[in-house]
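This report goes through one structure part by part. Please have the sequence and the 3D view open while reading.

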Amino acid sequence: MAETLLDKVWRLHTVRELPSGQTQLFIGLHLIHEVTSPQAFLMLRELGLKVRFPNRTFATIDHIVPTDSQARPFADWLAEQMTVALVKNCQDFGITLFDLGSGRQGIVHVIGPELGLTQPGMTIACGDSHTSTHGAFGALAFGIGTSQVRDVLATQCLAMSKPKLRRILVEGTLPRGVYAKDVILAIIRRLGVKGGVGYAYEYAGSTIAAMTMEERMTLCNMTIEGGARIGYVNPDRTTFEYLRGRPFAPQGEAFERAVRWWQQIASDPGATYDDEVRFDAATLQPMVTWGITPGQSVGVTEPIPEPEEVPETERAAYWEALDFMSFRPGQRLIGTPIDVAFIGSCTNARLSDLRAAAEVVRGRKVARGVRALVVPGSEAVARAAEAEGLHEIFQDAGFEWRKPGCSMCLGMNPDRLRGREICASSSNRNFKGRQGSPTGRTLLMSPAMVAAAAIAGHVVDVREVLG
Amino acid sequence: MTSAIIREITGRGIPLPGDDMDTDRIIPGRFLRCVTFEGLEAHVFADDRQQNPDHPFNQERYRGASLLIVGRNFGCGSSREHAPQALMRWGIRGIIGESFAEIFFANCTAIGVPCVTVSAEDARWLREVVAAHPEMELRLDLETMTVHAGDRRLAAHMPEGARRQFLEGTWNSTFVLLEAGEAIERTAAQLPYVTGF
């Protein structure tokens, strides 16, 4: 019988069925960071348990690291305390840590793939909702909380219920100036921020097949913003070529054997899905959010919906969003002044994102009064970008070129909005207060759109800048 | 580490208006700079409460409530367990709402806080009746999957797997998972990426 990747990977990782009816699922790769792991280690110590498979957990520091000076001890003693705890926990339990300055540190969802840790056919868990990113490789990857981090440390397993599967087909060629970020924002707008609850998403179709791995990561990254915990793309030649030669990928003949296995775990032709939806890439345009959920977005030339266009059940959220953002029904976002431009995050801080932004920025200047920063996703991304001279393009334009970390995506480090500032942001969430100021406002968009807004000082259509 | 059997939760309610309430709002990011969950209850809904003096968590009449009544897609966004921990440490023992985000639901289950759904109409009614009668005692019964509010009984829902974890006292999964013993290693040994292809 034809099976999906979800069916196959789930079956291969099933340890047993639990009395509750759930599955005890083996976790092939566990990634941890300083925010959601210290309490899990504390619980482990209290129980007198060891880490069951220390060589299947990898750690890095990303959320709280400052991005200007990373000299230790950090000025923020709480951040310092969290870092000390992670280093100690990794030492005590025998876990590999990609520490600051190791050359391998970065946002956990950037380094997993670039080190070749993330591979097709794996189950991957991390105490971070954007773990869905790793689904780009044809892995079942999902975010968990701290108690579940404890479960994985202690048993390398989780108690899970198998989700239903929705296939999202995207067909056609993306127009110039339209990126993977716009595709996922358009998907979330149509299916809603809770449309994916109970589902995993399989992304397929000619648009997805033509995407690079970095584009697929952007797509899968924001799956959780549509309510689905897991989003994946079937592994193909693009996946294998990306992985070839990466430090933790299989090498030599083992790599060729791995490719044969990876090919087998992709969904079979004729497999059945619980639901299927289709998108036409040619009709998409650059997206911008106008509200306080990632589903509240429009194409950059479109007006914010009128209240009567919004379903009645969404209307309270609609007015709450407009009130918080100080926008009006029917308003167009082009021309909206911005205070801050942020290029970074696990969604859009990889080399291709920085290149796309630099293409817009090259030879131009950041508008007066706009605070603009680029935060590369990892030390490796920073190195590669600097080797190409991208940092100079940004710095010449007036951007700050920072050190890797999560930074202003969630404002846990000193990079925060102030007061009611409006930020054009390449990150993933426009929630109230998300970027560190309780009243700060976020406009989500692609890195190229952020770059264009930084230059103009207000929201513009990047397609006009690119020509 | 067996966990307590949870058959029912009895107590007063606290209604929270709004849909798509994300975990950044339940506990803003700056309060995640910690290595334990202790004291998080002081910061639950910190920014919303600061911006709205009438926020339910600011109102004295809801002090001591144990059942939180919410709308649609409650707990979306970040996987931070700090959110349910902050609510639990404030005193919340169970959550009744129109729908829940998945990771939030799993986090609540893992710390023994059942989340049940009721119809949109019932969620709205419950929020109104609790706002009008904050002293009313509510009862969430997981055996019959019913919410008792005054004379009314509302049908409640929860995925069967999670429900059985509460009724069997296995919501704290670690020891249940450990019971698999060597079967864990046997599963691992069959995975090509574990054995080096």
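How many helices and strands are there in chain B? Chain B has nine helices and seven strands. The complex is a predicted model, and the predictor gives it an ipTM of 0.98 and a pTM of 0.98.

## Chain B

For chain B the mean pLDDT is 97, and 99% of the residues reach 70 or more. Its C-alpha atoms fill a box of roughly 60 × 40 × 25 Å along the principal axes. Chain B has 197 residues, of which 49% count as buried. Among its contacts with a separation of 6 or more, 71% join residues 24 or more positions apart.

One element to look at is helix H3 of chain B, residues 82–90, which is mostly covered, with seven of its nine residues buried. These are His82(B), Ala83(B), Pro84(B), Gln85(B), Ala86(B), Leu87(B) and Met88(B). The cover over the buried residues of H3(B) includes helix H1 (23–26), strand E2 (67–69) and helix H4 (102–110) of chain B. Just after H3(B) comes Gly91(B), with a positive phi of about 130°.

## Chain A as a whole

Chain A contains 16 helices and 19 strands. A compact globule of 467 residues would have a radius of gyration near 23 Å, and chain A agrees with this because its value is 21 Å. The box filled by its C-alpha atoms is roughly 55 × 55 × 45 Å, taken along the principal axes.

Of the 467 residues of chain A, 61% count as buried. For contacts in chain A with a separation of 6 or more, residues 24 or more positions apart account for 77%.

## Domains of chain A

Chain A is divided into domain 1 (5–160), domain 2 (164–283) and domain 3 (287–466). Between domain 1 of chain A and domain 2 of chain A, the C-alpha centres lie 22 Å apart.

Where these two domains meet, 25 residues of domain 1 of chain A are in contact with 28 residues of domain 2 of chain A. On the domain 1 side, the elements that give two or more residues are helix H1 (5–12), helix H4 (108–114) and strand E7 (140–143) of chain A. That side of domain 1 of chain A has 13 nonpolar, 11 polar and one charged residues.

## Helix H12 of chain A

Helix H12 of chain A spans residues 351–361 and is mostly covered, since eight of its 11 residues are buried. The buried residues are Leu351(A), Asp353(A), Leu354(A), Ala356(A), Ala357(A), Ala358(A), Val360(A) and Val361(A).

What do the buried residues of H12(A) pack against? They pack against strand E15 (340–343), strand E16 (371–374), helix H13 (379–387), helix H14 (390–397), H15 and helix H16 (462–466) of chain A. Just after H12(A), Gly363(A) has a positive phi of about 80°.

Leaving aside neighbours within four places in sequence, the residues in contact with Val450(A) include Ala341(A), Phe342(A), Ile343(A), Ala357(A) and Met445(A).

Ala451(A) lies in helix H15 of chain A, residues 447–456. Why does Ala451(A) count as buried? It has 33 C-beta neighbours inside 10 Å, and therefore counts as buried. Beyond its neighbours within four places in sequence, Ala451(A) is in contact with Ile343(A), Ala357(A), Val360(A) and Val361(A). Ala451(A) and Ala372(A) are 79 residues apart in sequence, while their C-alpha atoms are 8.8 Å apart in space.

## The contact between the chains

The contact takes 57 residues from chain B and 68 residues from chain A. On the side of chain B that touches chain A, H1, helix H2 (46–51), H4, helix H6 (160–168), helix H7 (174–178), helix H8 (183–189) and helix H9 (192–195) of chain B each supply at least two residues. The residues on that side of chain B divide into 24 nonpolar, 18 polar and 15 charged.

Notes: Residues numbered from 1 in each chain as written. Chains lettered and ligands numbered in written order. Predicted model: local features only at pLDDT ≥ 70, side-chain atom pairs only at ≥ 80, totals over all residues. Helix = DSSP H or I, 4+ residues; strand = E, 2+ residues; numbered from the N terminus. Rg over C-alpha atoms; globule rule 2.2 N^0.38 Å. Buried ≥ 20, exposed ≤ 12 C-beta atoms within 10 Å, placed from the backbone. Contact = placed C-beta atoms within 7 Å. Nonpolar A, V, L, I, M, F, W, Y, C, P; charged D, E, K, R; others polar. pLDDT = per-residue confidence, 0-100. Domains from an automatic or database assignment.
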